[in-house]
Amino acid sequence: FIVATGSRPVLPETMRGIPRVLTTDELFEQPLPSGTRIALLGSGAVGAEMAFILPRLGLEVVWLTGSEALARSRFSASARKRLHDALSAQGVTARTGSRPLRAVPEADRVLLELPGGAREGFDWILAGTGRKPNTDQLGLQAAGVRADRDGFITVDPAQRTSARRIYAIGDCANPAMTANHALAEATVAVANIVAPGSAETRGDWVPEVVYSALELARAGASEDELEDADTEYAVGFSAFGANPAALADGSADGYVRLLVEPEQGILLGCEIAGADAGELIHLAQPGASGGSLLGRLTQASFAHPSRSEEFLNAAEALVATWGMSPPH
C-alpha cells in the first residue's frame with residue numbers, strides 16, 4: 001500500500017467560518033468574491049508566489065506577514081533580498097510584523113484587527129497560512145503506522161512506514177509539502193515495492209523552487225547548514241549581469257551559486273536566482289550522485305549564448321578563486 005492522502009489548508013482559529021476569507025484551495029475551486037482590494041496573508045512560498053500573481057490579475061494586494069518573506073526557507077539572505085526587491089519594483093512589499101489578530105465580517109468586506117490596535121478593511125482575504133497532513137482520520141494506529149506530533153507519517157529513506165508493507169509519500173509524510181518531493185518519493189516507494197532495498201530518497205536534492213517576481217531555485221545543502229555542521233566548502237559564483245542570453249531578453253538579474261567540497265570538487269549545494277531558475281536547477285542534479293561535478297562542468301560544452309553557461313562560469317570561478325584543479 002502507498003498512502004498519498006496529501007494535505008489541506010489551515011486557517012487561524014480567529015478566521016475560521018468568516019465569509020470572504022479564502023484558502024489557496026478555495027481560490028482555484030470557486031468564483032472570486034467581488035472587490036479588488038485584498039489582504040494576502042502568509043510569508044512562505046505560497047505568499048511569495050501569490051504576491052506576484054494576484055496584482056497581475058488586476059487586484060490591489062496588501063501583503064501582511066509576521067516575518068520576512070521566506071525567512072523560514074532554506075534560501076539565502078541574498079536570494080530573499082533579490083526577491084523582495086523584485087516584488088517591490090512591481091509595487092508589492094510585505095508588511096512584516098502585521099500578522100492579523102482577528103477577522104471581523106462587515107457587510108461586503110472583512111475588517112482585520114492588526115497588531116497595535118489598527119483595523120483595516122478589505123474586499124476579501126487570501127490566507128496562505130499553512131497546511132496540515134490529511135492523516136487524522138486514516139486510523140493509522142490501528143494499522144501500526146506511526147506519525148509525529150504534527151500528523152506527518154514517519155517514513156525511512158525507502159519511504160516505508162513502521163508497518164512493513166505500507167509506504168507513504170508527499171504532503172502526508174513530508175513537511176516540505178511540494179509536488180517535487182511527492183513525485184520523487186513516489187518513484188522511490190514504487191522501486192522498493194518492486195525490488196526491496198533498491199532506492200532511497202535524497203530529499204536534499206529534490207529541487208525547491210519559488211515562482212515569483214524573481215524565480216528562486218535550490219538543491220542540496222545551504223550555506224547556513226554547511227556552516228552549522230562545520231563543513232569546509234568553497235563557493236563558485238557567477239551573475240547573469242554579463243550573460244548575453246539574459247541581457248538579450250531583459251532578465252539579467254540573479255546568479256548561480258555553487259557550494260563545493262574543495263578537495264574533490266563534489267557539489268554540496270546549489271542556489272539560483274533569476275529567470276528560468278526552476279529549469280536551470282536541474283543542471284545541479286548530477287551532484288546528487290556524488291563524484292566531481294566540478295570536473296564534469298569544466299569539461300562540458302555549453303551553447304552560447306545561453307543562461308546555462310553561468311554554471312560553467314561558476315565552476316571556472318572556483319578554479320580561479322580557490323586554486324582548485326578540476327579532476328579529469
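The chain contains ten helices and 16 strands, taken as DSSP runs (helices H or I, at least four residues; strands E, at least two) and numbered from the N terminus. Its radius of gyration, 22 Å, is close to the 20 Å that the globule rule gives for 328 residues, so the chain is as compact as a globular protein of that length; the radius is taken over C-alpha atoms, and the rule is 2.2 Å times the number of residues to the power 0.38. The model is predicted: local features need pLDDT of at least 70 and side-chain atom pairs pLDDT 80 or more, whereas totals for chains, interfaces and linings use all residues. Residues are numbered from 1 along each chain as its sequence is written, and side-chain values use heavy atoms, without hydrogens and water.

Of the 328 residues, 46% count as buried (under 20% relative accessible area, 1.4 Å probe, protein chains only). In helix α2 (residues 45-53), the buried residues are Gly47, Ala48, Met50, Ala51 and Phe52. Their cover includes α1 (24-29), β4 (37-41), β5 (60-64), α3 (77-89), β9 (124-127) and β12 (208-210).

Beyond four places away in sequence, the contacts of Leu216 include Leu83, Val210 and Ile272, contact meaning heavy atoms within 4.5 Å.

Methods. Buried < 20%, exposed > 50% of the residue type's maximum accessible area, 1.4 Å probe, protein only.
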